Amino acid sequence: MNRTGLTDTGGSRSLQTLYFKGVYPQVRVAVIRGEEPTPPNWSLSTLLLDERRNVWRPQLPSTEDDSSTFVVWTNSVLFTHSPTFKSNMKILKRGYYAFFNHIAPTESNRPFFSKVNGENILMINKYIAVCCYIGRCAKCASLYMLKCLYFVFMFCCKIREIAYRIYLYPNADLMECLEELLRCRHKLAKLVGYESYAHRALKGTMAKTPEMVMNFLQLLTDRLSDNGLFTTPAHSRLVSDICLGFCRYNIEPSLYSPYLSLGACMEGLNNLFSQLYGVSLMSEHPRAGEVWSEDVRKLAVVHETEGLLGYIYCDFFHRQDKPHQDCHFTIRGGRQCRDTGEYQLPVVVLMLSLPHPSRSAPALLTPGMMENLFHEMGHAMHSMLGRTRYQHVTGTRCATDFAEVPSILMEYFATDYRVISQFARHYETGQPLPESMVARLCESKKVCGAADTQLQIFYAVLDQIYHGVPQNRSTTEIIRDMQHKFYGLPYVPNTAWQLRFSHLIGYGAKYYSYLMSRAVASMVWKQCFVQDPLNREMGERYRREMLAHGGAKEPMRMVEGMLQKQPTIEDFVDALVSELNPNFETFLMDSES
């Protein structure tokens with residue numbers, strides 16, 4: 001007999017159902033001991049074992065009163081019987097309860113919720129329970145995990161559609177506000193002599209014109225389709241990516257966090273900057289009233305020969321009244337002072353939302369937190385190493401499609417084992433983070449990568465068309481046509497996703513910038529750093545050609561100086577597509593281990 005209550009030969013022992021209140025502890029103890037609790041007052045039908053499939057098969061309760069009990073009970077069985085499922089299904093459980101506990105029907109959306117009844121909920125729970133039998137090996141557990149996810153997905157479709165329709169309901173006032181914004185932007189562009197707002201917004205960028213942007217996006221779409229990375233009609237690649245990625249690259253952040261303490265990561269950044277630029281990060285004690293919270297740290301950025309370059313205020317830890325976002329912003333830009341002849345030192349802030357250290361452990365970061373730290377530090381060093389005449393064009397105050405290049409490039413350093421191995425140590429044992437774990441982390445990012453890229457293309461296309469020459473059709477008609485052409489999923493009638501696309505405000509006509517910046521960062525990494533990420537000569541060239549000028553130099557000229565060639569749109573597309581190809585060395589490493 002094992003913990004599941006099943007014999008080694010696959011024979012069944014009936015596990016009867018019971019009301020959750022007051023009985024859950026007894027059930028849990030019995031399950032752990034491999035026993036069969038038999039209180040006399042159980043009111044629901046039994047869970048039977050289908051010996052052919054070795055899965056539990058619940059019989060649905062017959063009364064309405066039992067329905068809510070069954071919902072709670074099946075979830076308690078799911079998360080009690082299996083320690084494997086307990087970790088893997090945590091997100092599913094959280095999302096499941098969040099939906100039913102926090103989205104309540106109102107008079108305006110009651111027609112949608114009329115479809116959500118006890119029968120639908122019970123059907124979902126039934127298939128959760130059907131698929132939650134855990135086999136006697138990890139491989140079986142993974143297979144049943146996939147089945148469970150598949151059935152949950154299929155039976156949640158209608159509920160997800162309801163939530164989708166409510167969230168994207170076309171509000172007439174917001175629709176008029178958006179269309180008025182687009183009209184005013186076009187009028188502004190015409191007043192200053194441009195054909196459209198997009199033409200005005202793209203002046204001075206790497207792309208230069210809307211036509212170049214659309215050419216880039218269309219070519220990228222074609223390449224993704226030609227390579228079979230994204231199949232728009234059926235999205236079969238997307239489904240297989242999810243399944244394979246879940247099995248092979250189930251990255252559990254808690255396994256990585258002990259190796260990624262905040263202190264170790266900051267030491268890693270200090271070593272990296274020292275080797276690339278000759279720059280050190282030195283802690284300074286702030287003066288009274290200088291910082292806005294006692295947990296804000298002040299770092300002086302000091303060059304080995306040039307001296308002090310600037311200051312970074314690190315507001316890293318979560319606070320109740322603090323905005324929950326990771327960002328970099330400038331307090332004071334660097335500039336050449338005409339009166340004194342000296343350079344005004346830049347002052348910037350890095351704001352993250354990291355967990356506080358505990359009594360027994362330092363602040364431990366997940367892989368995502370660590371990458372965000374490196375990403376935002378890339379922005380900070382752009383500001384620190386910039387040396388421009390005017391402060392309004394220093395550091396990150398540059399073309400939008402160039403501003404993210406230094407930060408995205410830092411993400412490559414953050415996932416390169418030669419860099420990570422210098423600082424990632426277990427905070428208790430001192431053991432280094434295994435190379436195989438880093439390889440799996442890198443490969444996990446390619447799961448659904450093509451689908452994500454295609455979605456970004458769709459967003460960028462929509463942004464371009466909205467800010468292009470006005471068309472005699474509504475924003476909803478445009479999104480319906482572009483969604484079919486550039487994403488493949490059908491438009492859901494009576495929805496207005498564009499009203500939730502907040503980037504239309506801040507990024508007007510420049511949402512493509514993320515894709516182009518990633519392409520440039522990829523090219524810089526592969527050509528200049530992939531062979532030796534700690535190469536001082538390349539670090540100095542990078543500072544001299546790309547980081548020093550901010551927005552004072554044409555962005556494409558900076559890229560040409562770094563790559564020592566003039567890149568084409570085809571080069572940008574190739575760089576993005578190559579990022580999605582699997583690493584077979586990692587596959588072999590996984591197979592051997």
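Predicted model: local features only at pLDDT ≥ 70, side-chain atom pairs only at ≥ 80, totals over all residues.

Me: Are Tyr459 and Phe501 buried or exposed?

Reply: Here you compare the relative accessible area with a cut-off: under 20% counts as buried. Tyr459 has 15% and is buried; Phe501, with 6%, is buried too. Both also belong to one aromatic cluster, along with Phe458, Tyr487, Trp497, Tyr507 and Tyr511.

Me: Which charged residues lie over rings, such as those of Tyr311 and Tyr167?

Reply: For this feature, check the charged end against the ring centre. Lys298 has its charged end over the ring of Tyr311, 4.5 Å from the centre. Over the face of Tyr167 you will find Arg500, at 3.8 Å from the ring centre.

Me: Which residues have the most contacts inside the largest nonpolar core?

Reply: The general idea is that nonpolar side chains tend to be buried together in soluble globular proteins. In this model the largest nonpolar core has 111 residues, and Ile312, Phe316, Met377 and Phe529 have the most contacts inside it. Helix α22 (residues 513–529) gives the most to this core, contributing 10 residues. A second, separate core of seven residues includes Tyr311, Val296, Val302 and Val347. Leaving aside residues up to four places away in sequence, Ile312 touches Met377, and its other contacts include Lys298, Val348 and Leu350.

Me: Which residues of α20 are buried, and which on its other side are exposed?

Reply: For a helix, ask how the buried positions are arranged around the axis. In α20 the buried residues are Thr475, Thr476, Ile478, Ile479, Met482, Gln483 and Phe486. They cover an arc of only 150 degrees around the axis, so they lie on the same side of α20. On the other side, His484 and Lys485 are exposed.

Me: What covers the buried residues of α20?

Reply: The cover includes α8 (172–191), α10 (210–226) and α19. After α20 comes Gly488, with a positive phi near 90 degrees.

Methods: Residues numbered from 1 in each chain as written. Heavy atoms only, no water. Buried < 20%, exposed > 50% of the residue type's maximum accessible area, 1.4 Å probe, protein only. Phe/Tyr/Trp six-rings, centres within 6.5 Å; stacked < 30°, edge-to-face > 60°. Lys NZ or Arg CZ within 6 Å of the ring centre and 35° of its normal. Core = buried A, V, L, I, M, F, W, Y, C linked by side-chain atoms within 4.5 Å. Helix = DSSP H or I, 4+ residues; strand = E, 2+ residues; numbered from the N terminus. Contact = heavy atoms within 4.5 Å. Arc of directions from axis to C-beta.
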